[in-house]
Amino acid sequence: MSDSREMTFWDHLEVLRWSILRTLIALLVLFLAAFAVMPSLFDAVILAPTTGEFFVYKWLGDLFTGDFKIDIVNINVTAPFFTHMRTAFLLALVVGFPYLLVEVWLFVKPALYREEKRGMGLAMLFVALLFYIGCAVGYLAIFPLTFRFLAGYHIGTGILTQISLNSYISTFVSIIFIMGLVFELPVLAWVLSKFGLVNKQLLKKYRRHAIVILLILAAVITPTGDPFTLSVVFLPLYLLYEVSIAVVRNAPAED
């Protein structure tokens, strides 16, 4: 039975207030810690894809031959400081993501019935796991392949490629977070299935349409144009769609 009937509107508002306060405090602590360690991580992690020494390029071997070194330049006096804060906040969000899920769960838990609470703990763990996998795919595959292709693309022989710090960080952050959110597709499908909006038969019926949509989404995420990079993005997205089919419910039997 739901506990929400025993709580007034103001009780829920109070719970929400404390949940937001705890979340902000946790993010602040993580942000300060990330801000302190970011100078040692910036070159080794964030700027690593700008050189041919990046371990992903070495894994791919013959696909990336020749020397590769892109200079990241700064043309704004305030950019280093705000980049430091931005990347520290990104790291705080990634590290603190499971805690954010816990706070969401604690807030909605009293409003759920007993049968609705079953499996929600495992679902939250699944959400965090998929988010981290998505961020890892973005960092290890999508961003370095996209960046290397675009940075190495030349329209003329007399053009020296130099990328601004703001441009690099914006692309880096956006791709990693987009991939982290895209990998939540199975969870979204499971939630919609709980409300009876989707089912296995529906997803299987529109599989071909989904493939076209996923190809377009992959092209938007990595506008490189080469089949290899497009496949690197599309295959995980298609695998997520198949996982979504596996986790949703069957269509209700007709009388």
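Predicted model: local features only at pLDDT ≥ 70, side-chain atom pairs only at ≥ 80, totals over all residues.
Which residues of the largest nonpolar core touch the most other members?

**Entry 1, the core.** I found that Phe147, Tyr168 and Phe172 touch the most other members among the 55 residues of the largest nonpolar core. I then looked up where this core comes from: helix 1, helix 2 (55-60), helix 3, helix 5, helix 6, helix 7 (185-194), helix 9 (207-221) and helix 10 (227-247) each supply at least two residues. Helix 5 gives the largest share, with 13 residues.

I listed the contacts of Tyr168, leaving out residues up to four places away in sequence. Tyr168 touches Ile46, Leu47, Pro49, Thr50, Ile72, Phe143, Phe147 and Ile163.

Next I turned to the second largest pocket and noted a volume of about 300 Å³. Its lining has 14 residues, and Val45, Leu90, Leu91, Val94 and Phe172 are the closest to the centre. I sorted the lining by type and got 13 nonpolar, 1 polar and no charged residues. Helix 1 (9-46), helix 3 (79-108), helix 5 (120-151) and helix 6 (165-182) each bring at least two residues to this lining.

Is Glu103 buried or exposed? I read 3% relative accessibility for Glu103, so this residue counts as buried, the cut-off being under 20%. Glu103 sits in helix 3, and its side chain makes a polar contact with the side chain of Tyr99 at 2.6 Å. Not counting residues up to four places away in sequence, I have Glu103 touching Ser19, Arg22 and Thr23.

Terms used: Residues numbered from 1 in each chain as written. Heavy atoms only, no water. 1 Å grid on protein atoms, 1.4 Å probe; cavity = no way out; pocket = protein on both sides within 12 Å on 5 of 7 lines; lining within 4 Å. Points joined across faces, edges and corners; volume = space filled by probe spheres on them. Helix = DSSP H or I, 4+ residues; strand = E, 2+ residues; numbered from the N terminus. Nonpolar A, V, L, I, M, F, W, Y, C, P; charged D, E, K, R; others polar. Buried < 20%, exposed > 50% of the residue type's maximum accessible area, 1.4 Å probe, protein only. Polar contact = N/O pair within 3.5 Å; in protein donor to acceptor, adjacent residues only side chain to side chain. Contact = heavy atoms within 4.5 Å. Core = buried A, V, L, I, M, F, W, Y, C linked by side-chain atoms within 4.5 Å.
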